[in-house]
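Work through the following exercises with the sequence and the structure open beside you. Try each task before reading its solution.

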Amino acid sequence: MDSNRIKDIMMIKTLREIQLKLDDRFKAYARFALTLALLSIGALVGVILLTAYTIRMDIAFMEANSMLKHDLIRGDIMREAFTYDSFLPALIILGILANTAIAGLFGISQEHYFSRFRKELEAFAETLQFHKPRQLGPLQDSAEDFIHLLSIRKQEGDSERFRDLRTKLLSLWPKGIRVYILDQVQFAVIAGGLAAYYSALCMMIFWHANSKIVILTSQMTQIKNVNASSFFDFQFGISETIGWTFTIIVTITSCLAGAKFSRKTYMASYAIRRQLKLFLEGNLSARISLRSGDPGLTEIKAMNSALDKIERSIRNTGSFVVKDKEEENPEAV
């Protein structure tokens, strides 16, 4: 088999691996977007059922007090209460689509942390000169420490200043999964604002139905009970409280879904930080690996290539305390 044939096979294999990795991430995005869409639909269905129940209770009250002029009026009330202007259904559909779009954008923003980190690592591997990385989310502090320490190591060798600073920074190194609070706050604000918009649309259904009930009771009933208006107001107050409680729960659930979705990002960030720490401690053969479906998986090969360059550059500077195979073969350093 000639070399070109082997290269083609390897390229096809690599493309298939990338496709599988992208498919895993796409499935994760799809599940998250579907979760937010279903929560939106659940809020809508819940408010509609609450509205229908409230109207049914109002009709039952009117029947019990002989307020209806005709039995057929019952169906007219229910039908009229659920007749809306054409713009309201369109706005509700727009709210569901917006929720789905927010899910997609949030997912993509998680991926960008790893692509930006890969670019920073590649740039650093070329010169080993310190530059402050930016917009790396949960990797920000660790990436900055990594670049800072190795730039000093390149300039000063295994100096006392380097060892002291390494000891200090590694003592502060995150020891477990670290939640990037700013990420969660941004998502919570956006999701909360969108949920408030969508909740208001859902509650408009309820408010519209209640106003129709008030009008219809004065036009289509024989009002004999002076407590009728008080009953309707009381019924409306209770139902409105239930409706808002339901939509608030849906909003909180959406934010929790975002936090759960971000967990894979934080776990992948932890796996990367752990290997960077090993590298700084002297294990120059330490390389990054992630699990299937983790964000940033397609960037791993390029990250490890950058670490290869950094390792060669570090070894060429002279002595370096290591914890891997170099301990057995000091001449390799």
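**Exercise 1. Which residues form a nonpolar patch on the surface, and what is their accessible area together?**

Solution. Before starting, note that the model is predicted, that local features need pLDDT of at least 70 and side-chain atom pairs count only at pLDDT 80 or more, whereas totals for chains, interfaces and linings use all residues. Residues are numbered from 1 along each chain as its sequence is written, and side-chain values use heavy atoms, with hydrogens and water left out.

Step 1: recall the rule, by which patches are made of residues with over 30% relative accessible area and no salt bridge, like charges being joined within 9 Å and nonpolar side chains (Val, Leu, Ile, Met, Phe, Trp, Tyr) within 5 Å. A salt bridge here is a side-chain nitrogen of Lys or Arg within 4 Å of a carboxyl oxygen of Asp or Glu, and accessible areas come from the Shrake-Rupley method with a 1.4 Å probe, where for residues only the protein chains shown count as cover.

Step 2: the patch consists of F87, M204, W207, W244, I248, I252 and L256, which together have about 640 Å² of accessible area. Helices (H or I, at least four residues) and strands (E, at least two) are DSSP runs, numbered from the N terminus.

Step 3: take I252 as an example, a residue in helix α7. I252 counts as partly exposed because its relative accessible area is 46%, given that buried means under 20%, exposed over 50% and partly exposed in between (1.4 Å probe, protein chains only).

**Exercise 2. Describe the chain as a whole, and then its largest nonpolar core.**

Solution. Step 1: the chain has 8 helices and 0 strands, and buried residues make up 44% of its 333 residues.

Step 1: a nonpolar core is a set of buried Ala, Val, Leu, Ile, Met, Phe, Trp, Tyr and Cys residues joined through side-chain atoms within 4.5 Å. The largest one has 36 residues, and F117, F146, I272 and I310 have the most contacts inside it. Two or more residues come to this core from each of α3 (87–127), α4 (140–156), α5 (160–171), α7 and α8. A second, separate core of 29 residues includes A103, A191, Y198 and V250.

Step 2: look at the neighbours of I310, where contact means heavy atoms within 4.5 Å. Leaving aside residues up to four places away in sequence, I310 touches L121, F124, A125, L128, F146, L150 and F279.

**Exercise 3. Check whether the length of helix α8 agrees with its number of residues.**

Solution. Step 1: the expected span is 1.5 Å times one less than the number of residues. Among the buried residues of α8 are I300, M303, N304 and I314.

**Exercise 4. Which residues are joined with R287 into one salt-bridge network?**

Solution. Step 1: as background, side chains of opposite charge can pair when their charged atoms come close. The structure holds 10 salt bridges.

Step 1: R287 and D308 meet in one of them, at 2.8 Å from N to O. This pair links distant parts of the chain, with R287 in the loop between α7 and α8 and D308 in helix α8, 21 residues apart. R287 counts as buried because its relative accessibility is 19%, whereas D308, at 28%, is partly exposed.

Step 2: R315 forms a salt bridge with E311, the closest N and O atoms being 2.7 Å apart. Both residues lie in helix α8, 4 residues apart, about one turn of the helix, and both R315 and E311 are buried. Salt bridges with shared partners therefore join R287, D308, E311 and R315 into one network.

**Exercise 5. Is L128 buried or exposed, and what is its phi near?**

Solution. Step 1: most residues other than glycine have a negative phi. Step 2: L128, in the loop between α3 and α4, has a positive phi near 55 degrees. Step 3: L128 counts as buried, because its relative accessibility is 1%.
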